[in-house]
Amino acid sequence: MDLDALAGCLSSSACLVTQTTSGLIIGMLLFLVAVGLTLIFGVLKVVNFSHGAFYMFGAYFAMTAYQLTGSFALAMFAGAAGTAILGLIFERVFMSRVYGADVLMQLLVCYAFVLIFDDVVRIIWGPEFRSMGMPAAFQVMPLFIAGGVVPPYYLLLIGVALVVAIVLGIGLSRSRIGKVIRAAAHNPSMVSALGINTGLIYGGVFALGGMLAGLAGALAAPVRSLTPGMGFSVLIESFIVTVIGGMGSILGALIGALLLGLIRSFGSLGFPLFTEGLMYLFMVIVLVSKPTGLFGKEAA
């Protein structure tokens, strides 16, 4: 425990800006993964334990596209679109067969594919650590805000995640398709009786969740090392985010992810040997005070 370092950072504007920015990028990446997870659970009632693999594939797809084309925009598109297609195939061929099954069966299927996907990555890209590198457009001088160093790429990452949050929030609450998705989450039999293809909705939601995780992986590729199994740690933290925010809540996923990111960033200063423990401790405190999470709703 090093409370002096934490107090010193909180009293320094430069350190405060730097650590807050670091916490925000951690939180925004977690949000993109967690919001896909919470969408899938909210609509399909499936705990997608393989969700971290889509984050991993998004990073590898982006790296490969960037190496082939040199275009960062195409790399982001490849990461998001590739995992959307992969998510749709995975849902239609495998997950659709275990809807309504025991949760243990669903978890076993998902965990089996975690191992399968990790081996697929080893076969295609190899077992060693890989790096995409920072795109040339962002290899520029960092911004200095109140003495703190803020790389321009961090601002892009935060901005993209905020746009996704706004679009999802407005789309699900006000658009026709958003209303259909929410109706399918609450009463799929009624939606089906109205002539709407619920299978198409389920596939679309799963593809959207995979796309968001893949986009997170693509955005993380320039600043993270790529390795088989890299999705597992972000999956666990994403589960913590959804539990803290409330399962099925997009706003909860955003707030929970930001809180967790800031806890990791500042906790690494004050509690360098207990940073992981701080996240779980915070989750326990939230669940004890509000078992459904910060924005979760009581079951009817």
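A disulfide is a pair of cysteine sulfur atoms within 2.5 Å. In general terms, a disulfide is a covalent bond between the sulfur atoms of two cysteines. Keep that cut-off in mind for what follows. The model shown above is predicted.

**The disulfide**

How many disulfides does the rule give? The count is one. The partners are Cys 9 and Cys 15, with sulfur atoms 2.0 Å apart. That distance lies within 2.5 Å, so the pair qualifies. The link of Cys 9 and Cys 15 is left-handed, with -100° about the S-S bond.

Some residues can now be sorted by their relative accessibility.

| Residue | Relative accessible area | Class |
|---|---|---|
| Cys 9 | 2% | buried |
| Cys 15 | 24% | partly exposed |
| Cys 110 | 0% | buried |
| Ala 65 | 13% | buried |
| Gln 106 | 4% | buried |

Look at the bonded pair again. Cys 15 counts as partly exposed because its value is 24%.

Ala 65 sits in helix α3, which covers residues 51-69. Which residues does Ala 65 touch, leaving out those up to four places away in sequence? They are Gly 70, Leu 74, Ala 75 and Ala 78. Gly 79 is 14 residues from Ala 65 along the chain, and their C-alpha atoms are separated by 8.3 Å.

Gln 106 belongs to helix α5, residues 103-125. Gln 106 is buried, because its relative accessible area is 4%. With residues up to four places away in sequence again left out, Gln 106 touches Lys 45, Val 46, Val 47, Val 98, Tyr 99, Gly 100 and Ala 101.

**The second largest pocket**

Now turn to a pocket. The second largest pocket has a volume of about 290 Å³. Two elements give two or more residues to its lining: α2 (13-44) and α10 (230-245). Which element gives the largest share? That is α10, with four residues.

The lining includes Ile 26, Leu 29 and Leu 30. Also among the lining residues are Tyr 55, Arg 224, Met 230, Ser 233, Val 234, Glu 237 and Arg 264. Sorted by class, the lining of this pocket has six nonpolar, three polar and three charged residues.

Note on methods. Residues are numbered from 1 along each chain as its sequence is written. This is a predicted model: local features need pLDDT of at least 70, side-chain atom pairs count only at pLDDT 80 or more; totals for chains, interfaces and linings use all residues. Side-chain values use heavy atoms; hydrogens and water are left out. Buried means under 20% relative accessible area, exposed over 50%, partly exposed in between (1.4 Å probe, protein chains only). On a 1 Å grid over the protein atoms alone, a cavity is a set of points where a 1.4 Å probe fits but cannot get out, and a pocket is an open set with protein on both sides within 12 Å along at least five of seven lines; lining residues have an atom within 4 Å of a point. Grid points are joined across faces, edges and corners, and a volume is the space filled by probe spheres set on the points. Ala, Val, Leu, Ile, Met, Phe, Trp, Tyr, Cys and Pro count as nonpolar, Asp, Glu, Lys and Arg as charged, and the others, Gly among them, as polar. Contact means heavy atoms within 4.5 Å.
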